[in-house]
Amino acid sequence: MVSTPRLVIAAPASNSGKTTVATGLMAAFTARGLAVSPHKVGPDYIDPGYHSLATGRPGRNLDAYMCGPELVAPLFAHGAAGCDLAVVEGVMGLYDGASGQGELASTAQVAKVLKAPVVLVVDASSQSRSVAALVHGFASWDPQVRIGGVILNKVASDRHEALLRDALDESGLPVLGVIRRAAQVATPSRHLGLVPVAERQGDAVDAVRAMGERVLAGCDLDALMALARTAPALADEPWEPAYASAEGPRPVVAVAGGAAFTFAYAEHAELLTAAGAEVVVFDPLRDEKLPAGTAGLVIGGGFPEMYAPELSANEPLRRAVTELALSGAPVAAECAGLLYLARELDGKPMCGVLDAEARMSERLTLGYRQAVAVSDSPLAAAGTRMRGHEFHRTVLEPGAGPVPAWGMHQPERRVEGYVQRGVHASYLHTHWAASPEVARRFVEHCRVR
């Protein structure tokens, strides 16, 4: 049984202050000496970086589309094991999910699966009594979603607060916090959202500290903890990445990290390790060599477009990556990794493993995808079906090689990505916890080299 106290931080819409409140709560409770487990609904990689900074624990995603609703509670239990409290930051508006899929992948669905009380963060900047109607509508829309209280954000004055509290007295929902309108905490954004923690370092530490101070000053932590403790025990067994077959030599799998490659789910490294690999992180911006003994390479997502000159200037590492790929070693590249393996990015030479050119675009490509592996690769056998997510403002030309990586079935039918020698490169982000055989297959290919 999983009995970790837990809260889901949701909002009526995006840009209401969920990240500030959720991260601030994580920081404030951690400062009290609690072990706080941080979680994020949906596929986003960036917010979990701030969550991790606030708590000192890996930020973990709960994505009911990519992993299936049945894995949400086990993945939660895996991350929350041994913690005093879990805080789950929602995505978009409370009831918003995968397009055309009803409640699938919504914050509301995750809250129901976790049997967790919801705290609704409301941007009160342009309303007074109407806040009660808004909160009533959200609280009554789905009786299975239990909204346990409200945090009012961007409140202008004492009088504004009094008007809001008077209106909410009639709703029956307690006000658990009031955060005054103030200059935004320094969390700069760009073309794909917040700037990741790894790119800001000291500034990010200061931002998380400021979030914690604002929440501590404006929220009733005791009442929020009491609400978290009302969550009933879950009967789900924690997700477990271990395999009985992880025997034999431990091949080195090099995983790209650093400021240019910040997108990674914590479970991927855990799965690779459990499958028998020795996972070694390297930084393509700084390291001129791959880790000693590298047998396989994983290059995930991130922002190579922001660091194209620096990545290009590191010619020794580019050559090492090219030589490894040409040798037939297993290479798994997602999105940023795809761009790094291309011939060039915005005119700057990259690794040249793929006969393709990448450039920034005005168009945002965003959304969940259904995919099937077109051919055998070290990552997936032909016919393997996976769900994933695309999120980029770059274009690769051509978008698919002679042997594509995936056939897409949503939102349109197309082929995408590259499979050549041991390389599997694609824009598609996937969550391997949903298909653990991917990690096992990849490590087995590394082991036989």
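Which residues form one aromatic cluster with Tyr45? Select Tyr45, Phe263, Tyr265 and Phe303, and you have the whole cluster on screen.

Before you go on, know that this is a predicted model, where local features need pLDDT of at least 70, side-chain atom pairs count only at pLDDT 80 or more, and totals for chains, interfaces and linings use all residues. Residues are numbered from 1 along each chain as its sequence is written, and side-chain values use heavy atoms, with hydrogens and water left out.

**Stop 1: the aromatic rings**

A pair of aromatic rings is described by the distance of the centres and the angle of the planes. Here, rings of Phe, Tyr and Trp (its six-membered ring) pair if their centres lie within 6.5 Å; planes under 30 degrees apart count as stacked, over 60 as edge-to-face and the rest as tilted. Searching the whole structure turns up seven aromatic pairs.

Zoom in on Tyr45 and Phe263. Their ring centres are 4.8 Å apart and their planes are at 5 degrees, so this pair is stacked. Now colour by secondary structure: helices (H or I, at least four residues) and strands (E, at least two) are DSSP runs, numbered from the N terminus. Tyr45 sits in the loop between strand S2 (36-41) and helix H2 (46-55), while Phe263 sits in the loop between strand S10 (252-256) and helix H9 (266-274). The pair links distant parts of the chain, 218 residues apart. Both Tyr45 and Phe263 are buried (buried means under 20% relative accessible area, exposed over 50%, partly exposed in between, with a 1.4 Å probe and protein chains only).

Next, select Phe261 and Tyr340. Is this pair stacked or edge-to-face? The ring centres are 5.6 Å apart and the planes are at 65 degrees, so the pair of Phe261 and Tyr340 is edge-to-face. Phe261 lies in the loop between S10 and H9 and Tyr340 in helix H12, so the pair ties together parts 79 residues apart in sequence. Phe261 is buried, with a relative accessible area of 3%, and Tyr340 counts as buried too, at 1%.

**Stop 2: Leu339 in helix H12**

Stay in helix H12 (residues 336-341) and click on Leu339. Leu339 has 2% relative accessibility, so it counts as buried. What does Leu339 touch? Leaving out residues up to four places away in sequence, its contacts (heavy atoms within 4.5 Å) are Pro304, Glu305, Leu345, Met350, Ala358, Thr394 and Tyr427.

**Stop 3: His431**

Move to His431, in the loop between strand S22 (429-430) and helix H13 (437-447). His431 is buried, with a relative accessible area of 1%. Show the residues that His431 touches, not counting those up to four places away in sequence: Asn61, Met66, Cys67, Tyr265, Glu267 and His268.

**Stop 4**

Select helix H1 (residues 18-31) and helix H8 (residues 221-228). Their axes come within 12 Å and cross at roughly 100 degrees (axes are lines fitted to C-alpha atoms, for helices over the stretch in contact, and angles run from 0 to 180 degrees between N-to-C directions). That makes H1 and H8 roughly perpendicular to each other; angles under 35 degrees count as roughly parallel, over 145 as roughly antiparallel, 65 to 115 as roughly perpendicular and the rest as oblique. Show side chains for Leu25, Ala28 and Phe29 of H1 and for Leu221, Leu224 and Met225 of H8, which make the contact.

**Stop 5: cysteines**

How many disulfides are there? The count is zero, a disulfide being a pair of cysteine sulfur atoms within 2.5 Å. For Cys351, the nearest cysteine sulfur is that of Cys335, 15 Å away. For Cys446, the nearest is that of Cys351, 17 Å away. Cys351 is buried at 7% relative accessible area, and Cys446 is buried at 2%.

**Stop 6**

Find Pro398, in the loop between strand S17 (385-397) and strand S18 (406-408). The peptide bond from Glu397 to Pro398 is cis, with omega near -10 degrees.

Finish with Asp346, in the loop between strand S14 (344-345) and strand S15 (348-349). Asp346 is not a glycine, yet its phi is positive, at about 50 degrees. Asp346 is partly exposed, with a relative accessible area of 37%.
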